[in-house]
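Here is a short tour of one protein model. Look over the sequence and the structure first, then read on.

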Amino acid sequence: MAAFDLWWQDPGAEGFPFGFAIDASHEVGKQFLPEEMIGCLARLREARSRVGGGAEAQRLLDGFLDCALDKHEGRYDYATYCALKVLDFPDDGTGFHDPAGVLEQRDLGLLALMGDLLGFELDALEGRAEILPLMRPGAELGRRRLRLTLAALRPSLDRAGLAIHSDEPEDAARNVLEAIGPRVSQQMRRRLAASMLPVHVVHDEYLFLRVLQGFELSFAWIAVSLWQAIDAMPSAPATSLGWLHLANQLLREVSRLFPLIGSMQPAAFHEFRRYTEGASAIQSAGYKTVEALCRRPDAERLDSPAYRSVPEVQAAVQEGLPTLEDALAAMNEDPEADVALRGEIEAELAAFARQLLRWRQAHYQIARRFLGDRSGTGYTEGLPYLDKGRSVPVFRAASLRET
Ligand code: HEM
C-alpha cells in the first residue's frame, strides 16, 4: 500500500503501481482483496480526475479499475472478469483494410496471451511458480498442457516463422517463449499483467482466464472480418471473399483452445467457480456480435436472456446492424453481380456456418463434462439452454444452412 500512497501524492497514469493490486489478487484472489486495498482503489476511483497522463495509459488505468473494483462496486460480470477493457480488443469494424494485417495482429495477440500461459504452466511444472498455489496439476498434466498450448499456437507460430525445435514439451515451451519474448511490446506486457485478476488462488483459473481471453480476442477479430466482408460485398466482392476466408480461418483455428480448456481439473474448476456467479460468456458481446452479423436473430432469441445479457448488441440489432445475409440477398438481386464470385462467397458462408456449428458442439461437450446438470453462472439452466442454442441456424437461406 505504501507504493500507492507515494504515487497518490503526484499521480500520473503512466506511473500507476499496478503491482500492488495485482500481487494481492494473486495472493488471496479478487474475491478476498483486503479492505485497505479496496479503500485505496475506491479513493482513486472517486478522485480519478486528479490523475494525469497520456490517453493510452489512462485507458489502461480505467480498464484496470473496471476489473479490480467490479465486485466491490456491484458490477461484476463476464467482461470485467476477463478484463476485456484492459486488453482493449477492437470493438467495431472500422479502420482495417487488409486481411493479412489483421491476421498478423490477431496472431501477435494470441502469442502474447497464450505465451503468458505457457510461461506460467512451465514455471509451475519446474517448481518456480509462487502464485495461485491451490490444486497445482501434477507433472503429467502440466506437460500435457504445454503440448496443448503449443498445439493451439501452432498456426500462429508457423506464420510468424517461429519453428518448434523439440519434441520435449518443456524444451519446446522454452524455445517458443524465447522467440515470442522480443515481439511482445512493453505496453502489451502491462496489459497482460493487469488482465490477470483471478477471483481465487486456484492454479487452473489462470488457464481458464487466458483461454477465455484467447477466444474473445478471436471473436473480436472475426467480427472485424465479417464487418469488412459486409462492407465490401456490394462493390468489391473479391475483397469480401478474402475477409470471409479470414473469418473462417480464425474460427477454425480458435477451436484449438477447446482441448486446452478440457485439461482443467474439474474439482479445481468447481473450487474457483464458487466466486464467479454472475459472470458468464452468455454476456460475451464478441460472440453475439459475430452471430448477429451473420443474420438478424429471430425475435424470440433477440428478446431472451441470449441477447438481454448483451444489451449493447441487442440495441445494435434493433437499430439495424448490417448482416451478411442481407448483403448476400442484395448481391443476388443485382443482375450485374459476378456469378462465379457469388458462388464462392456462398461457399465461404456455408463453411462459416458449419464451423460455428462445430464451435457450439465443442462448447456444449465441454459444458456437459464440467457442469453436468448444474445451472450456468449466467443464470440459465445450463445445458438445456445450450442445447436449444445449438440448433439455431447461423443463416436462414437453405443454400447456406449448416449440415
Ligand atoms: C468449463 C468450461 C465451460 C463451461 C462449463 C461453460 C458453460 C456455459 C453455460 C452453462 C452457458 C449458458 C449460459 C450460463 O448460464 O452461463 C454458457 C454460455 C456460453 N459460453 Fe460457455 N462454458 C465453458 C467454457 C466456455 C469458453 C472457453 C467459451 C469461450 C469464450 C465459452 C463461451 C460461451 C458463450 C459464447 C456462451 C453464450 C452462448 C449463447 O448465448 O448462445 N464458454 N457456457
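Over the ring of which residue does the charged end of R50 sit? That ring belongs to W8, and the charged end of R50 lies 4.3 Å from its centre. A charge sits over a ring if NZ of Lys or CZ of Arg is within 6 Å of the ring centre and within 35 degrees of the ring normal. K288 and Y307 form another such pair.

This is a predicted model, where local features need pLDDT of at least 70, side-chain atom pairs count only at pLDDT 80 or more, and totals for chains, interfaces and linings use all residues. Residues are numbered from 1 along each chain as its sequence is written, and side-chain values use heavy atoms, with hydrogens and water left out.

| Charged residue | Ring | Distance to ring centre |
|---|---|---|
| R50 | W8 | 4.3 Å |
| K288 | Y307 | 5.7 Å |

**Aromatic rings**

W8 also belongs to a cluster, linked by ring pairs, of F4, W7, W8, F16, F18, F20 and F64. Rings of Phe, Tyr and Trp (its six-membered ring) pair if their centres lie within 6.5 Å; planes under 30 degrees apart count as stacked, over 60 as edge-to-face and the rest as tilted. The whole structure holds 25 aromatic pairs. One of them joins F208 and F269 edge-to-face, at 5.6 Å centre to centre and 65 degrees between the planes. This pair links distant parts of the chain, 61 residues apart: F208 is in helix α11 (residues 203–232) and F269 in helix α14 (residues 266–273). Helices are DSSP runs (H or I, at least four residues), numbered from the N terminus. Both F208 and F269 are buried. Buried means under 20% relative accessible area, exposed over 50%, partly exposed in between (1.4 Å probe, protein chains only).

**Helix α19**

Helix α19 (residues 324–333) has the buried residues L324, E325, A327, L328 and M331. Seen down the axis of α19, they fall within an arc of 160 degrees, so they line one face of the helix. The arc is that of the directions from the helix axis to the C-beta atoms. On the face turned away from the buried side, α19 carries the exposed residues D326 and E333. The buried residues of α19 pack against α11, α12 (237–254), α15 (285–294) and α20. Contact here means heavy atoms within 4.5 Å.

**The iron atom**

Helix α20 (residues 339–371) also holds H363. NE2 of H363 is the only protein donor of the iron atom of the ligand, at 2.1 Å. Donors are N, O and S atoms within 2.8 Å of the metal (3.2 Å for Na, K and Ca); water is not among the atoms, so sites may look incomplete.

Definitions and conventions: Helix = DSSP H or I, 4+ residues; strand = E, 2+ residues; numbered from the N terminus.
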